[in-house]
Amino acid sequence: MTSSADLLADLAADVDGVFLFSPTGSTYEDYREVDGESVVVVAPENDHDADRYVELPLEFDNVRDRIRFGVEGAMDHGFCADGDVLACAVGVFGDPIDAVIRTPVTESMHSGIYDLFANSRADPSVVRDVFDVAIELGKKGQKGKPVGALFVVGDAGKVMNKSRPLSYNPFEKSHVHVGDPIVNVMLKEFSRLDGAFVISDSGKIVSAYRYLEPGAEGVDIPKGLGARHMAGGAITRDTNAIAIVLSESDGLVRAFKRGQLILELDPEEY
Amino acid sequence: MIDASPTVTVESVLSAAVRAGPGTSPPLQSAGEAVRSALLSLPARLWLALGVVVLAAFLGYLVVRVNRRILVGAGVPETIEGTAFERTAREFGTSTVSLVANLSGYFIFILGLIVALTIARVEYIAAFWNRTAGFLPSLFLAVLVLIVGLVVGDKVELLIDERLRGVKLPQAGIVPAVAKWSVVFIAVLIALGQIGVDTAALVVLLGTYGFALVLFGGLAFRDLLASGAAGFYLLLEQPYSIGDRVRIGDTDGVVQEVNVFVTHVESDGAEYVVPNRQAFTEGVVRVRE
């Protein structure tokens, strides 16, 4: 007679690697002593100096996104390859690890979510800071009302050449970077302006109030999204920038790269 | 004549006590009377000296408390967290803040003690202590400078170490150590100067060291400094900004980034990192279609 524990053990049987998402120190130590299997740590910070480590720039609330990010990052580092089967130990409901998810590594699960952070023109920390700002803006809105915003990150020179000013640029001759403490407040105030924010590779806010003029043909974004998303998606096809869009109507934060919708986040969950 | 009086009274008290000890009928009363008379026979000067000592102890305690408050309020404990000096202090069950605070307290107490001794006119000791009293403030200052120097040196080492952590180069490890010992060296120099040790030779050493640092630093960082100076002008005045089409020397393209030292210019398929110095020496052409 088999017990339920034996049946559940099948979930983690014959895997090629174990992924630990944000493990505590003792958990990592326990797993490290298991030889024969390779342990990969996916966490915001490499607290335990793990050899195989993928940095998690955002604590993705969606577990699927988190695992995708970790697996894509590991593939990029060469920790796992197409055809491997992995056991991912993650915390679904809280901080400590409470679930094991078995997942095969396939090329098709390559959604580009890791690529968005790690291989964009802009620094990963800049992308993360812009996400933080967009999520913050989506959570609070402006004076309680939902706002929309469009951030175009990276390749600023080209973006500036493919856009025109709607009015005077409030960031002219300023040296404000996303991630500066004042930026949250400033962007909240400026978010009532129409147009896009342009942010350079190093995180400098180059301009606000930009009207983007990309060619929109061949941009494939889900139907029902408005002009802001279309403009954001299209500019990423024409340039090497990425676009992070906060929707005014449904309050979601979406990221575009190469004209494709890569990531969708709900600010309320962060 | 006055100096002799305390000893005499003490003896009389003792003899009174001895006499009262084996006595039968009213031992307690006679002893109490003897003590009272002994106390009364003490000269007022001694009382004053005692008062000064008590006052000094109280003031010292007050200064310790106030100093500790000020140091904690100024955020000193957080700032010096993790420095080697603080860690050593913690090992001995104390902390830098309480060390410094106690030091000032002791200083005031010892000063009060010397004043008390002077008031009490303990002749032979006074001659010695008067010199010590003159020496005490500079000694206090020297110890304070030394502690501050050690802590600041540790802190400098930590800060530079953190900045250099990204550079995974073993040789970079020498930079924080050099910076730390430079700070400590200067602190030791000041401290020795305070207590009057001749430091001329050490000052010459410091001068040589500083000169070498400036000379070689200037040589090594010449281009960087020139670019930095030009970069400040470019950032403040922004003669060209991100998105402009420019030509610097024979590089031609769109400005992607301007920072203190370099300008990133990108043309089709190539990104040039141009030192800002070059923008000044060769001039910038803004291309308009």
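Is the crossing of H5(A) and H7(A) left-handed or right-handed? The crossing of H5(A) and H7(A) is right-handed. The convention is that a crossing is right-handed if the near helix is turned clockwise from the far one by less than a right angle, and left-handed if anticlockwise.

Before more of that, the ground rules. This is a predicted model, in which local features need pLDDT of at least 70 and side-chain atom pairs count only at pLDDT 80 or more, while totals for chains, interfaces and linings use all residues. Residues are numbered from 1 along each chain as its sequence is written, and chains are lettered from A and ligands numbered from 1 in the order in which they are written. Helices (H or I, at least four residues) and strands (E, at least two) are DSSP runs, numbered from the N terminus.

Back to the helix pair. H5 of chain A covers residues 124-140 and H7 of chain A covers residues 183-190; their axes come within 10 Å and cross at roughly 55°. Axes here are lines fitted to C-alpha atoms, for helices over the stretch in contact, and angles run from 0 to 180 degrees between N-to-C directions. H5(A) and H7(A) are therefore oblique to each other. For that word, angles under 35 degrees count as roughly parallel, over 145 as roughly antiparallel, 65 to 115 as roughly perpendicular, and the rest as oblique. At the crossing, Val133(A), Glu136(A) and Leu137(A) of H5(A) meet Val183(A), Asn184(A), Leu187(A) and Lys188(A) of H7(A). Contact means C-beta atoms, placed from the backbone, within 7 Å.

Now chain A as a whole. Chain A has eight helices and twelve strands. Of its 270 residues, 38% count as buried. Buried means 20 or more other C-beta atoms within 10 Å of the residue's own, exposed means 12 or fewer, and partly exposed is in between, with C-beta atoms placed from the backbone. Taking contacts in chain A between residues at least 6 apart in sequence, 59% join residues at least 24 apart.

One sheet in chain A is open, with five strands in the order E3-E2-E1-E4-E5 and mixed pairing. Strands E3 (53-55) and E5 (99-104) of chain A stand at the edges with a single partner strand each, so one side of each has no neighbour in the sheet. Neighbouring strands are turned by 20° against each other on average, direction ignored. Two strands pair if DSSP finds at least two bridges between them. E4(A), residues 85-90, and E5(A) pair in the antiparallel sense over six bridges, and Leu86(A) has Thr103(A) in E5(A) as its bridge partner.

Two helices lie across strands of chain A. H2(A), residues 25-32, lies across E1(A) and E2(A), running at about 175° to E1(A). H3(A), residues 63-77, lies across E1, E2, E3, E4 and E5 of chain A, at about 130° to E4(A).

Chain B next. A "transmembrane region" annotation in an unreviewed UniProt entry covers residues 46-64, 97-120, 132-153, 174-195 and 201-221 of chain B. Its positions are given in the numbering used here, feature names are shortened, and annotations may be inferred rather than shown by experiment. In the model, residues 46-64 of chain B are 100% helix and 0% strand, with end C-alpha atoms 27 Å apart. Residues 201-221 of chain B are 95% helix and 0% strand, with end C-alpha atoms 30 Å apart.

Chain B also has an open sheet of five strands, ordered E4-E3-E2-E1-E5, with antiparallel pairing. E4(B) and E5(B) are the edge strands, each pairing on one side only. The twist averages 45° from one strand to the next.

Ile248(B) stands opposite Thr251(B) in E2(B), and its bridge partner in E5(B) is Val284(B).

Last, Tyr240(B), in the loop between H10(B) and E1(B). With 19 C-beta neighbours inside 10 Å, Tyr240(B) counts as partly exposed. Setting aside residues up to four places away in sequence, Tyr240(B) touches Val246(B), Val255(B), Val284(B) and Arg286(B).
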